[in-house]
Structures are given as structure tokens and as C-alpha cells.
Amino acid sequence: MSGIPRKGRRGSVRRPNPPSSGSAPAAQGTGGAPPAPSRRPTAAGRSTLTTEGVPIRTRGLTKAYDELIAVDHLDLEVQRGEIFGLLGQNGAGKTTTILMLLGLTEPTSGEARVVGLDPARNPLEVKRRVGYLPDSVGFYTGMTGRENLRYTARLNGLSADDAGRTIDQVLEQVGLAARADTPTGTYSRGMLQRLGIADALLKDPEVLILDEPTTAIDPLGVVEILDLLRSLVHEREMAVLLSSHLLTQVQSVCDRVGIFAAGRLVGVGTVAELAGRFGDDTAHVEVGLELTGDDADTRREQLLRSIEGVEAVHHGERPGDPWILDVRPADAGGRVRQEILAAAATNGLELSSLRSVVPSLDDIYRRAVVRRGGSARVAA
Amino acid sequence: MTTVAAEATTAQPVARDLRVPRHGWLVIARKEFGDHILSARFLVLVLVVGLAAIVPLFLAANQLRDQASQTSGASAIFLALFTLGSEQVAILRVDAFVGIVAPLLGIAFAFDAVNGERSDGTLPRLMSQPIHRDDVINGKFVAGLAVIALVLAAVLLLISGIGIFRLGIIPTVSEVIRLIVWYVVTLAYVSFWLALGLLLSVAVRRAATSALIGFGLWILVTVFGGLIVGLIGGLIAPSAGGLEEQIASAQTQQAINHILPHTLYREATTSILFPFDQVTAAISGVGSFTPTSIDQLGQATDQRRITSLLSLDQSLLLVWPQIVGLIALTVICFAVAYVLFMRQEVRA
């Protein structure tokens, strides 16, 4: 969690707002738990979980159905201004976690704090301040997009004037202003998804929770939605929690990811951190060396194998394709690239490509699940 | 990032706390009411109810007109507009017809209330708004009841209007009050079926299935109600044997009968709309006395020499248990629906 520079900065900015003048009890109302250890018997005061302005924090959050443990002692933290990706297969417990965070399902044990409140005890206030895009979101098909949003605005207690202004604003933001007055029955899946995001943004949330926002959308639509999320986080300083089983799609947009398998969080961190932790300590380097002659492949292989740290050399599929080197230990990748460059220079060889290959989240995920969740999967 | 931004973010929650949506159910009810009014099912039901109310009214009006001389002295002549009709087909009477159609209205406006939202994928979105869970059920119930109240009021006023302007029958104050009470009892009866429809929409995942079950129950209770009561009563207390056993059996059957909303409603209607003394009816040997023809109405008037019309307050006293029974049944259905819905998972 410490890998995010934003956290420290925001935390230090947010904290120094003590009761500076006048009415001290009024400060109690401001979002989140009071900074000092509270002696008041409030919902926050009773618990052992302090939040200090962290939008989402859970400790030991567990949900058990009759036979199945859907979520198993989950410790999670999402900071303001970051996009956190909750990644896992279908049925890994992502939606259950989200429903517990919204107070729509009671946890069996453990605690959660969302915007400083316990969603199990204070669901209404949590739902007022948290925007939620459900999995395969639906709208009243007979009503237009704008009418659907107006209904949500009314349920949130927005006055008609406020609602009208906010609706125009969010529709503009998600790029649906032109189609806002056609019935949602005519919308494409991607448009519905974007309308869902607009719907979640209506209440001007501090936290945005998106369940599978990119499922069942074409690749271009996915890019649009992820770009939209990025810009929203920049504009509004929200905390965003999104769940997905399409790992590579969300890899680019998430600041941090949590890997979820059979109800357990098997790894948390940035994609690079996770690659380091769950990698098999092998880095991959792509090399394109232009040689001529019949024995080109052999000479190339000899040259590359002579470099220290190179474990294996994989030929390209066709002649001319770059080759992939496995380098061990993983942190030797930089040195190996340097040596290849030097060797190419001294031998007068033409280098057509030389770069390190970033591990995909899919690979990390597979390894993380195999390593940590092996036994858990049998149980599920 | 700057201090200004930080101040803005910490200041926001205070402003937010001020906008507290108090009446989530009202917002939902308003939206559902609008949906119902514009829906195709509303149009169809209004047409059916309207037509079916006009036909018996026509029959009643003809009877009244034909024998105007005989009926001039009859009491409660305005109520006859609602209680007279075809001598051959019992259903062609306004009161009988409303008794049969009311459950249909209740189920039609509630059978897909919750499972419809579920299958449309709107339920999770609705539940993630700052409303209580019961706001959804309450709002939908109120909206359904409001729509039905509107339709029924329209029908009653239509019939009354035709009675007053075309036939020149002016209702007395007590008749007006009786009609209003009957309207309220009918709404209570509709409420029961509405609550039952809601219960089905919560318990059954598919709207089509819950509609089928609802209409099935309606036919079962309305058409085969007596048969079933006889069967169950026979099982609990067989009527074979001596006089005491027969009495016990009859009492059991009556007790079971009084759990059925259909019976409760019919009894309440009889007491309110047929203000002729039940004792008189018993003497004349008609059983539960419901005059279906003008002759019988005349008979009843003749027998006033023995007993007079049941007064309004006595009528009300008579139907009180039935009204309470109907409301109790409604509350039970509602409570079960409520508990089920609270325990259900939100996800689709």
C-alpha cells in the first residue's frame, strides 16, 4: 500500500483540519471518523477500525453462505484518488464484497468502513455517498435516459433544479448528451454501461464502485469507458473500486490491483509489484539481431547464450521475428540488455529491437492463484 | 491537490448531510403510478371494467323502469342500481362483478412488482440508492392501490351519475354513505390481492410464473372456494353421525369460510348493499337474502311491516368483523412479502 505516493500526500493534507474555531461538535459531522480516538458511543467509536479519511477499508471481512465461504477474511484498503482493481474469476467473491461495502448484504464477521461509516449499520448514509454501477446494469426501458436519471436524482433527494443541472453535466461527461432523450430500450450495451456510470455519478459520490464495468462491451467501448474513469478520477478526486475478470483490460487503468481467488485476496499491489512477487524470478527480453549467412541462427544463439544470466533462448516463429530471452534472476534484465548492446556494437551487428517484455496480469494472476489459492480452490 | 481542493473535499460531506431524502417510498410510488397509468394493462382493465359495469347497469335500469310503479315505494332504490341485474346470469350485477374483478385488478398491478425489476436488472441499481428496502414494497403497494382506487371510483361515479341523470333516482344520505363504505371495503379486498401479488412477485423469480400462480389462486378461491371449504371441513370434522356432530361440522366449515377473503367480502357487501333485515330474509326462506329481481325487492318492501330496514349504524356494526378480517389477511401477506424481501439477495 505504501507504493502509492498519493496516499501520503493526501493524508497529510487532509488531516490538519482540527476544530480551529468555535463549535467543535459540528466538526463531528464531517466525513469519516473523527481523527482523535473517539470516546463517544458512535458507530465509528465502538469499532476498532479507524479510517482517518481512507474511503474504503475492511478488516477480516467474511461472508459465509451455508456451505460456501464467499469472502474469507478480506483486508482491503482503497485510497482517495486511486483506481483499485479487484480481479478474480467469476464466483471469486468480488460481487459479494461489493454488496457488503454497500450495506446490501450483511457480513458474517469482520468489519468494513466506507467513507468512515459502517455499511451494515448505516447503509443509507453510505449509499448516499457511494456511487455504484452494478454488474449488467439495467434501466427502465420505456423511459428515456434522462428520465431514468431523474428518477435516481429524486431518490437521492435532489431538488428538481439541482437534478436538471447535474443530469446535464453527467450526461455530457459520459458522452450521452445527444441520445439522452431516446428510450433506454434502444441503447447499446456500451451506452447502457455509460448511462450506468452517469447514474452513479449523479449523487456526486466520494467513492465509485463499479462491478464488471467492461464486460460484454466491444474493445473500443472498453477503451472509452476506461478513459472516462481515468479522467473522472482526475477531475473529482474520487476513490474508485472496480471489479473485473478481464485482467488485461483493466491492467492499464488501475493504480493498484488486488487478486482475488476463492474468497481470498492473494496479492495486492501495483502490477509491477505483483509481477515481482508472483513472477518465477525470470525477466523476458526481446531481441532482434540481424545476421546473414547459413549459420546465422547458431551464431546468434551462441552469442546470446554467452551472456551471463540468460537461461534460455526462444526463437521467433518466423525468420526475422525477434527472439525472446529468459533472464534469471529477474533484476539482471537491465544488465543483460546492456551487454547485448555492447556485443552488437563490438561485433558490428545490426540490432533491430531490444526491449524488456512486461509481464501481463494474466500471467501474474495464473501464478498467484496456483501458488496461493491451490488448496482454497479445492474447498470451493 | 492544493489546500483549496482539500478544503473543498472535506467541506462536501457537511452539505451532503443536509439533503436527506425522507420519503423514498413516495418517490417510488409516484413513478410506479405514472408507469401504471400509461401502461397497456391499465388501458385494457379500464375498458373491461367499464364495459362490464355498463352492461349490468343497463339491465338494472331496464328492470327499474319497467316496474317503476311497483318500486316507487321501495326503500334503498338507489342501491338497487348496483345490486340488480340479470336474473339468469348472476355475474351481471355490479356488486357481484366487482367482487370477481377486484382480485384480478390487485394481482394485475402487483404480480411483477419486484421480480420485474429483478429481471430488468434495475433492482440492484434501485437498492443502491439511499432508500430503505421496504420503501420499494411500500411504494409499489401504494401506487397499485391508488390506480385501482381511481378505476373503481370512476366506475362507481359513472354508475351513480347515470342513475341520477338518466333515471332520475336521487340517493339518500344513508345510501351515499353505504356506497362509500362499500367502496372502502372493496379497496380492502383489493389490498389483500395486491399484497398477495406483491408476495408472489417477491417469492417467485419469474413474472410469468407469479402471474399464473396469482390467477390460479384467484380462480381456486372464487370458483372452487365452497368446494374446498367443504372438503377441509369434512376432513377436520366429518358431518356423519348425530345432530351434534353435524352442528360441529357446520361450525368448522363456517370458521374456515371466514378465513377466505372471498367470503369476508361477500358477507360485507351483502350487509352494506342489501340493508334488508337478515331476520326477514331467514323467515322468507331465501337463505342469505339477495334480491335479484324486482319482485323480490317488492317482497322485501312488503315485509317491512314485520321488520324494518337495517339501519346504517347496524349495518356497519355487522360488517366490522369482516373488514378487520380483510385487513388482517392483507397485513399477513404484506408481512411475509416484507420478510422475504429483506432476506433476499440483491444480486440478479
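Which residues are buried in helix 7 (residues 113–120) of chain B? I am working from a predicted model, and in it I find B:Ala113, B:Val114, B:Asn115, B:Glu117 and B:Arg118 buried in this helix. I then looked up what these buried residues pack against, and found helix 8 (123–127), helix 9 (133–165), helix 10 (173–203), helix 11 (207–236) and helix 16 (312–343) of chain B. After helix 7 of chain B comes B:Gly121, for which I noted a positive phi, near 75°.

I turned next to a sheet in chain A, which is open and has four strands in the order 11-12-10-13, with antiparallel pairing. Strand 11 (310–314) and strand 13 (350–357) of chain A each have a single partner strand and stand at the edges, so one side of each lacks a neighbour in the sheet. On average, neighbouring strands here are turned by 25° against each other, direction ignored.

For the pairing itself I followed strand 10 (residues 283–290) of chain A, which pairs with strand 13 of chain A over seven bridges in the antiparallel sense; A:Val285 has A:Ser356 in strand 13 of chain A as its bridge partner.

Last, I looked up the helices that go with this sheet. Helix 12 (residues 333–347) of chain A packs on the sheet and touches strand 10, strand 11, strand 12 and strand 13 of chain A, with a direction at about 180° to that of strand 13 of chain A. Helix 11 (residues 296–305) of chain A lies across strand 10, strand 11 and strand 12 (323–327) of chain A, and runs at about 160° to strand 11 of chain A.

How values were computed. Residues numbered from 1 in each chain as written. Chains lettered and ligands numbered in written order. Predicted model: local features only at pLDDT ≥ 70, side-chain atom pairs only at ≥ 80, totals over all residues. Pairing = 2+ DSSP bridges. Helix = DSSP H or I, 4+ residues; strand = E, 2+ residues; numbered from the N terminus. Axes fitted to C-alpha atoms, helices over the stretch in contact; angles between N-to-C directions. Contact = placed C-beta atoms within 7 Å. Buried ≥ 20, exposed ≤ 12 C-beta atoms within 10 Å, placed from the backbone.
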